[in-house]
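Hello,

Here is the structure we talked about. My notes follow below it.

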Amino acid sequence: MNRILMLGACVLLLAGCSKQLDEIRPKHAISSEAVSEADLNKLTNGVLNKMENLTVSFWYDGDYHGENLGIGPGGKLIESHNALMSPSNPTSKSRWQVGFVNLMHVNELLKSANSATPDSQATKQAKGTAYFCRAYIYYNLVTRFGGVPILKGPSMEVVPISKEAEVWAFIISDLLEAEKYLEPVSNVYRPSDEACWALLSKVYLWTGDKENAVIYADKVIESGFTMSRTSEDFASMYVAGNSSKEVVFALANKRTSSFLRIFEQFNDTDGSWSYAVHEDLISTLYADDFGTGDIRKSATQSGDRVIKFPNGANDGVQFVVNPEPSASPIVLFRLADAYLTKAEAQGPSAGLATMKTFMENRYASVNLPASMTEKEFQNLVLDENNREFFAEGRRWFDIKRTGRTDLYKNFPANGTYLLRWPVPQDEIDLVGRDIYPQNQGY
């Protein structure tokens, strides 16, 4: 952990001039307390820029581990559970380190904001952004690892791993704190009240507080966003410069260099991509079960090819034109999140009505039964989640949250422990097992 914290501290040395703060590549360091209010907006922008890197590095975990993606142009599924989940595997080590390095950025922003004029707009935005981003980073860490160290500020000290319940409580506390400083959404590329509510609803769902999950999902639903009703509108959410009324919060991804192209890892248009849709999923992902005319299928699937993110190629398969794919936004939350979270929290008795409303915006016609068993309804919600968020890193987490490992094809017997990633062995070697105990089963 010392190594990670030292790296994070070194990366986030602050510069005095605006250009350096904009780029977050300082050459002359100053202390956090010396950052002026004029610099604070620049530093906030820089933290959001760093969040783009974090989000893209985490992006496909849920699809790969959720058996949505195969390797190479054929989409042949390789063993995606035991093969990746060992304490020495670079995947878990990379995610752990990326998370904690970015926590250093966020905590330095919060420290700077706490030293600035309390009531200024720049200070409020900086604090709200810091608390929200810290909660989002911990959300990504806790859903992978379970308990992790809780860092409340910049520190060079070794912090022991906290229990998973304590991490969830810390996330909720940070989001409620962020809500005090943020404002209703006016720019979807900035954290807002609605972004807090979207994440809070998901956090409460994970922790079993279904009442609050519904309350905060409803706050998003009632905030004036509208669902995409056509294939064109759905596909356009992933296009640079879009004006979608469904997106609640996205990272802008506007860069002059070091482009972040999600589609370069998965886009089933030729044999050069790292991942392709799992071969067994091609005919079933958008199968007609309780609705016909799925706008998502029309928008993303052409025969046996699935193109979730328009990449600007003129290949006769792209559904919409993306004139600047390198600047496509990284969509984190949209109105669909709120509907599907609310329905899952409600269960079949009230959730069927919520699902009907959601599905009427995604299908030409919907034919839901009058009632469902708990398992039938859960299957419906999980299926819709996968259709909605395919290639957006959700599937593994939905299966983990609901305990539905029976939906896997290749999940090993007695493999429940694999639903928590191992603490990286390098980190344990640095501080010892007493401070960083290994997750059970590894």
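Is Phe145 buried or exposed? Phe145 is buried, with a relative accessible area of 0% (buried means under 20%, exposed over 50%, with a 1.4 Å probe and protein chains only).

Some ground rules. This is a predicted model, in which local features need pLDDT of at least 70 and side-chain atom pairs count only at pLDDT 80 or more, while totals for chains, interfaces and linings use all residues. Residues are numbered from 1 along each chain as its sequence is written, and side-chain values use heavy atoms, with hydrogens and water left out.

Aromatic pairs: the whole structure has 22 (ring centres of Phe, Tyr or the six-membered ring of Trp within 6.5 Å; stacked under 30 degrees, edge-to-face over 60, tilted for the rest). Trp96 and Phe145 have ring centres 5.1 Å apart and planes at 90°, so they pair edge-to-face. Trp96 lies in helix 5 and Phe145 in helix 6 (residues 121-145), so this pair ties together parts 49 residues apart in sequence. Helices here are DSSP runs (H or I, at least four residues), numbered from the N terminus. Trp96 is also buried, at 0% relative accessibility.

Trp168 and Trp206 are stacked, because their ring centres are 5.8 Å apart and their planes at 25°. Both are buried.

Ring pairs also link Trp96, Phe100, Phe145, Trp396, Phe397, Trp421 and Tyr436 into a cluster. Arg144 lies over the face of Trp421, 5.7 Å from the ring centre (the cut-offs are NZ of Lys or CZ of Arg within 6 Å of the centre and within 35 degrees of the ring normal). Lys219 lies over the face of Trp197, at 4.9 Å.

Best wishes

Conventions: Helices (H or I, at least four residues) and strands (E, at least two) are DSSP runs, numbered from the N terminus.
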